[in-house]
Amino acid sequence: MAINAPRGTKDVLPDEVYKWQYVESFIRRWTALFGYKEIRTPVFEHTELFQRGVGDTTDIVQKEMYTFVDKGNRSITLKPEGTAGVVRAYIEHKLYAEAQPIKLYYLSPIFRYERPQAGRLREHHQFGVEAFGSYGPSIDAEIVDLAMSLLNNLGLKGLEIHINSIGCKQCRPVYHKVLMDYLADRLDRLCDTCRSRYDKNPLRILDCKEKGCQAVLTDAPDIVDYLCDDCKKHFDSFQDYLSAMGYKYEIDPRIVRGLDYYTRTVFEILSTDERSPGTICGGGRYDDLVEQCGGPSIPGAGFGMGLERLLLCMDSQGIIIPVPKGPDLFIAAVGEQAYHYSIGLASMLRKRDISVEIDHVARSLKGQFKYADKLKAQYVLVIGSDEMASGHVSCKNMSTGQEQRMELDNIAERLHSLLH
RNA sequence: GUGGAUGUAGUUCAGCUGGUUAGAGCGCCAGGUUGUGGCCCUGGAGGCCGUGGGUUCGAGUCCCACCAUUCACCCCA
């Protein structure tokens, strides 16, 4: 019996959850400001959904999915990305019947069978948004703005926005042909995987990192030069809107993304920081996906943001996430009778909205103070037989060391005024 | 999937060319205070030296395999 977490997974321990909660609180604030509502979809879906949605030729579907047959003989797959499930829910619940666009966000674990390394896990977590029902480039710009606002507000520096357009079903075949013609007499200089991509998905050859392929591609035609008029117009206005929002961006004709469903706009937000991984957010437009998954012909746009990478990036940039406060009060009891009384007092004070800690392992008074200190308790109340008899307790401020006496009768009020 | 590095207390790490009871800092517990934390002092608990095999009189140390971690690549968030 292995007692370690499965390869490529990580526990978030109590000492560090506050970092996640901090980031999540920013996500909830910014999605609210932009009008995106949360959607929660299952961690697993029918395998077919991802095969159809994400695309059979992608690495994700071909070799990275966690797929198994359940006891009812269904093929089930753990989400390898966030969009497909949201699209399925959008179609299943006929959200297209509501006023469009429908703007959604999710926080979800994502599973991919990969070789783990820094910022790369078999289970990672993504924050993502999906906006359905608008062909307009303003929604493309809005989601970039949402991602950038969030990241900037968290304090990240040195972010770059890289954008591209990969056309639509009208103009992409034209570019495919141009690219294939260009590559036709250079096939022997491409790597094995690229040669196999030549027929199935030639666009993917563009982002091959092999030196040989890179050399071949230096003079390759750029897709932006072959966009149809509508796609060209869309791409231009997208850029205009980004500028109107005050963003600098870079057109990178090599961004094609590893998911087949993208059309027109694709983008990545990456950190130029050397110590942390590059891409922390990637997304784009998917005008044919809803229809491909069996819904009406409705466009969409969205992105996914890797939370582990975001946290890594914040850490390497030295961004300090505020550590949560300790309890308002620690009650230190001396003796059986006082402890018995203190248990009741702690319960009462918690109901009065004061956070209270108390010893549960029979520590000495000194031990209780040390423990209170470790917990970062703001005040410590000492209760022993003297206090029980007199009805007065001493309350010690742990940061100044000063003690004051107070009556047990109105203790909650006194504490409230101390804690304001 | 390909290539490199690394696995020793809870944690970070020492352990020289194989040699007797495997060490340190931090953390944890207790004591130095009879009812008071942080600092200081003293003591204590805690290790099948990743797992399995091999070489050897003898392995934490050398060899092999496996497992895990980590870095680069592929790909992606």
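Five strands form an open sheet in the order β13-β12-β14-β15-β16, with mixed pairing, where two strands pair if DSSP finds at least two bridges between them. This is a predicted model, in which local features need pLDDT of at least 70 and side-chain atom pairs count only at pLDDT 80 or more, while totals for chains, interfaces and linings use all residues. Residues are numbered from 1 along each chain as its sequence is written, and side-chain values use heavy atoms, leaving out hydrogens and water. Helices (H or I, at least four residues) and strands (E, at least two) are DSSP runs, numbered from the N terminus.

- β13 (356-358) and β16 (403-407) are the edge strands, each pairing on one side only.
- Neighbouring strands of this sheet are turned by 30 degrees against each other on average, direction ignored, where axes are lines fitted to C-alpha atoms, for helices over the stretch in contact, and angles run from 0 to 180 degrees between N-to-C directions.
- Strands β12 (residues 329-333) and β14 (residues 379-383) run parallel and are joined by 5 bridges, and Ile-331 stands opposite Leu-381 in β14.
- Helix α15 (residues 411-419) lies across β12, β14, β15 (392-397) and β16, and runs at about 145 degrees to β16.

**Helix α1**

- Among the residues of α1 that are buried are Trp-20, Phe-26 and Trp-30, buried meaning under 20% relative accessible area, exposed over 50% and partly exposed in between (1.4 Å probe, protein chains only).
- The buried residues of α1 pack against β5 (102-111), β6 (123-132), α5 (137-153) and α11 (307-316), with contact meaning heavy atoms within 4.5 Å.
- Gly-35, which follows α1, has a positive phi near 80 degrees.

Definitions and conventions: Chains lettered and ligands numbered in written order.
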